[in-house]
Number of protein chains: 2
Amino acid sequence: MTVWDRPEPPARPVPLDRERIVAAAVALADEGGLEAVSLRKVAARLDAGPMRLYGYIATKEELFDLMLDEVYGEILPEEPARDWREALRGHAHRTRQASLRHQWLADLLGGRPTLGPNALAVTEAMLSALDGVADLDTVMRAVETVSAYLTGAIRREIASLRAEQATGLSERDWQRAHGPHVSRMLATGRFPALAKLVHDGTELDPETTFATGLEWVLDAVAAKLA
Amino acid sequence: MTVWDRPEPPARPVPLDRERIVAAAVALADEGGLEAVSLRKVAARLDAGPMRLYGYIATKEELFDLMLDEVYGEILPEEPARDWREALRGHAHRTRQASLRHQWLADLLGGRPTLGPNALAVTEAMLSALDGVADLDTVMRAVETVSAYLTGAIRREIASLRAEQATGLSERDWQRAHGPHVSRMLATGRFPALAKLVHDGTELDPETTFATGLEWVLDAVAAKLA
DNA sequence: CTCATATCGATACACTGTATTGGCGGATTA
DNA sequence: TAATCCGCCAATACAGTGTATCGATATGAG
């Protein structure tokens with residue numbers, strides 16, 4: 001046995017904490033999606049055994065909660081908004097941007113009540129921007145309605161973005177698998193309105209689609225706040 | 001060896017087809033959520049080995065797609081709507097009802113582009129109700145905006161419903177685990193608007209919350225279609 | 001009746017989240 | 001200082017997952 005194949009010493013790893021664990025998990029998810037996050041892989045990134053993590057985390061779901069709240073930190077407004085509308089609009093666009101950076105966010109958004117400190121701070125920012133504009137119930141409805149639109153729109157956008165990426169990697173697989181299926185369906189004549197839309201509809205840019213829908217919803221909110 | 005412990009003959013199972021497989025999977029998911037759906041358990045319900053399913057299904061994800069489209073069958077309108085507004089409203093409420101019956105639907109809705117026959121038919125119904133009301137782009141935006149609200153609102157409602165159910169089973173676990181955490185957060189004074197809402201806000205009935213937000217969005221759509 | 005073929009399902013594999021337990025280090029006490 | 005004990009950490013273990021592989025079996029042809 002020479003020095004070369006002598007095993008390295010256990011490499012006494014840096015002491016762990018939640019932040020480092022969450023950061024590793026986020027990095028993993030950014031690279032390979034949520035399903036690439038396994039406790040074993042997270043631990044491996046930190047030169048630790050899998051069970052080590054259970055000193056800081058009770059369950060994998062809790063790790064997901066922490067990841068989500070971590071990203072809510074990126075969504076916090078840097079400065080207070082001028083008015084309620086800009087607050088809601090800003091929140092929406094920041095959330096969308098974060099979801100484009102961390103596509104796995106679409107899988108988590110709205111999936112469970114989020115009570116982390118950053119999520120609370122984000123909600124607080126919206127609520128305070130609406131404070132006094134209307135009664136409490138209306139304010140709450142406004143926030144919830146906008147959030148619902150947000151969540152849904154982002155989810156759909158990420159979903160089709162993924163479909164594109166997947167088919168980009170193996171385009172003709174998709175063409176052969178689903179393309180003809182859908183085309184055949186449309187050709188049956190059972191879906192005339194849909195066929196017309198696919199045939200004549202213009203491809204819409206996702207960002208303006210999102211923004212347009214958002215403004216519609218904001219208009220609706222404005223009408224109710226008045 | 002007596003007749004009693006003689007193993008039963010292989011029980012030659014009924015021949016499989018996609019419908020039976022999907023039905024078994026849906027039943028499983030209704031009982032225990034999406035995570036209770038494993039190919040082994042689905043196969044067991046049909047007196048088959050796990051690999052038997054691969055003759056009818058390429059992958060587990062495909063099974064989920066089929067389950068989703070199966071439920072879209074419950075969402076199809078029974079008769080054509082009188083006008084576009086009723087079409088969209090009806091679609092929304094039917095989707096919500098289906099999600100209450102099959103809570104796992106919340107995990108799938110909007111998660112991937114849905115191209116099954118029932119989903120296409122549902123979309124067709126909405127589009128045809130809007131046909132001629134405005135130009136194609138606007139119609140598409142209307143459908144997408146309402147769908148986005150739908151998806152998000154249902155997701156949130158099911159999420160909090162699950163939280164309630166989970167805490168119902170072990171109430172003081174939740175009280176001890178998260179209750180004080182949130183209370184402490186609010187007590188820090190860093191979230192005044194949030195605290196006021198929690199303190200003074202009235203508990204809103206989910207159904208009317210959903211309906212109210214929906215009407216807001218429909219109002220917005222109406223304003224743009226005009 | 002024999003043989004070829006093709007289909008089906010049992011076995012196998014790599015991987016998951018987590019419970020259990022054995023061993024090791026450091027702190028505490030005689 | 002020496003010995004003991006306690007607490008923590010991680011290796012092993014387990015039950016389960018989705019799916020690839022491949023051998024047996026059943027079917028059809030000659």
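Start by selecting DNA strand C: around it you will find A:Val37, A:Ser38, A:Leu39, A:Arg40, A:Lys41, A:Met51, A:Tyr54, A:Thr59, A:Lys60, B:Arg40, B:Met51 and B:Arg52, where a residue is near a strand if one of its heavy atoms lies within 4 Å of it. Of the atoms of DNA strand C within 4 Å of the protein, 48% are sugar and phosphate.

Before you go on, note that this is a predicted model, in which local features need pLDDT of at least 70 and side-chain atom pairs count only at pLDDT 80 or more, while totals for chains, interfaces and linings use all residues. Residues are numbered from 1 along each chain as its sequence is written, chains are lettered from A and ligands numbered from 1 in the order in which they are written, and side-chain values use heavy atoms, leaving out hydrogens and water.

Next, show polar contacts (pairs of N or O atoms within 3.5 Å). The side chain of A:Lys60 places an N or O atom 2.7 Å from a phosphate oxygen of DNA strand C, and for A:Ser38 the corresponding distance to a phosphate oxygen is 3.0 Å. From chain B, a polar side-chain atom of B:Arg52 is 3.0 Å from a phosphate oxygen of DNA strand C.

Now colour helix H2 (residues 39-45) of chain A, which gives the most to the surface near DNA strand C, three residues; helices are DSSP runs of H or I, at least four residues, numbered from the N terminus.

Move to DNA strand D. Among the residues around it are A:Arg52, B:Arg40 and B:Tyr54. Select B:Arg40 to see a side-chain N or O atom 2.5 Å from a base nitrogen of DNA strand D. B:Tyr54 has a side-chain N or O atom 2.7 Å from a phosphate oxygen of DNA strand D, and a polar side-chain atom of A:Arg52 lies 2.9 Å from a phosphate oxygen of DNA strand D. Helix H2 (residues 39-45) of chain B supplies the largest share of the surface near DNA strand D, with three residues.

Then show both protein chains. Their contact (heavy atoms within 4.5 Å) takes 57 residues from chain A and 58 residues from chain B. Select A:Arg141, A:Arg155 and A:Trp216: they supply 15% of the area that chain A buries against chain B, more than any other three residues. Buried area is the accessible area (1.4 Å probe) lost by two parts on being put together, summed over both; chain A and chain B bury about 5,100 Å² between them, 69% of it on carbon and sulfur atoms.

Definitions and conventions:
A polar contact is a pair of N or O atoms within 3.5 Å; within protein, one must be able to donate a hydrogen and the other to accept it, and residues adjacent in sequence count only if both atoms are side-chain atoms. Helices (H or I, at least four residues) and strands (E, at least two) are DSSP runs, numbered from the N terminus.
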